[in-house]
Amino acid sequence: MTDPQSKTLAVSSPKHRRRDDATLDLVTVYDPTGAASDAYRMLRTNLFYALIDSPPKIIVLTSVSFGEGKSTTAANLGVTLAQADKNVLILDCDLRRPRLHSMFDVSNTNGLVDILSGGSRVEEVWREPIPGLKLICAGPSLPNPAELLSSRRLAEFLAEMRPRFDYVLVDAPPVGVSDSVVLAANGDGVLLVLDSQRTRKGPMRQALRSLQGVGANVLGTVMNSFEVSRRKTTPYSNLH
Ligand SMILES: Nc1ncnc2c1ncn2[C@@H]1O[C@H](COP(=O)(O)OP(=O)(O)O)[C@@H](O)[C@H]1O
Ligand SMILES: [Mg+2]
């Protein structure tokens, strides 16, 4: 007879018990009923109602600095949109610090870089980690990613993707990195992701000015690490 304890261990793979595992940030998959997943669904609803006459399709996620939760928000928002039967593409455009491949536990051997510079076909590169959700990872690292992201090829690529998806989520670098504002200007709307424990008002206003300066349409902010209890932190969105 099987020992019940060893059976439990076999179900829970070691990977999912490691605390530093990026897949644990995919709360909408592994903890869909938790408070953080609720918050991502709220963000999804807010997005549905943002600019109701011309709903934004290409949404760029950026932040004031690194590590504020852009990738986590892009991934979880993408999952909740796919769960609502939307056809979604997530692009990892943070070529210096790509993270989406770790969150979805897929290989980063090829990605956006190969599409934009190498001429790879998008169908050869994208993955579908969740039904309805396509992911294009960043791909191999480059000496000068800004050049690739500010190229006309990227704008053309986004235009090609537009009719094929309900939503294209662009995980961009922080605003201080030059390619980010170029990406923001190419999107229909921008979500500014903030770490509520860390981001100060001054740099946030500066980031908003940079985005508005290139004509980006800032839909609102997503505030991370917003304490709702001693143990849980949850994203909070404020779209206008
Ligand atoms: N809502 C949240 N509450 C607490 N920690 C979070 C939240 N969202 C992201 N994080 C943590 O912040 C870190 C950076 O997140 P990440 O999404 O990689 O940031 P970025 O893409 O902006 O660099 C990760 O360790 C992640 O676990
Ligand atoms: Mg990131």
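Helices (H or I, at least four residues) and strands (E, at least two) are, in this talk, DSSP runs numbered from the N terminus. Good morning, colleagues. The model before you is predicted: local features need pLDDT of at least 70, side-chain atom pairs count only at pLDDT 80 or more, and totals for chains, interfaces and linings use all residues. Residues are numbered from 1 along each chain as its sequence is written, while chains are lettered from A and ligands numbered from 1 in the order in which they are written.

I begin with the overall picture. The protein chain contains eleven helices and eight strands. Of its 240 residues, 43% count as buried; a residue is buried if 20 or more other C-beta atoms lie within 10 Å of its own, exposed if 12 or fewer, and partly exposed in between, with C-beta atoms placed from the backbone. Two residues are in contact if their C-beta atoms, placed in that manner, lie within 7 Å. Among contacts between residues at least 6 apart in sequence, 75% join residues at least 24 apart.

Let me turn to strand β5, residues 167-171. Five of its five residues are buried. Y167, L169 and D171 point one way from the strand, whereas V168 and V170 point the other way.

Which strands pair with β5? Pairing here requires that DSSP find at least two bridges between two strands. Strand β1 (residues 58-63) runs parallel to β5 and is joined to it by four bridges; within this pairing, I59 has L169 as its bridge partner. Strand β2 (residues 88-92) also pairs with β5 in the parallel sense, over five bridges, and there L89 is partnered by V168.

Next, helix α4, residues 70-83. Its 14 residues reach 20 Å from the first C-alpha to the last, close to the 20 Å expected at 1.5 Å a residue, the expected span being 1.5 Å times one less than the number of residues. Because 14 of the 14 residues of α4 are buried, the helix is largely enclosed by the rest of the structure.

Finally, I draw attention to two loop residues. Most residues other than glycine have a negative phi. D85, in the loop between α4 and β2, has a positive phi of about 65 degrees although it is not a glycine. Is D85 buried or exposed? D85 counts as exposed because it has 9 C-beta neighbours inside 10 Å. D105, in the loop between α5 (100-103) and α6 (112-116), has a positive phi of about 60 degrees and is likewise not a glycine. With 13 C-beta neighbours inside 10 Å, D105 counts as partly exposed. Thank you.
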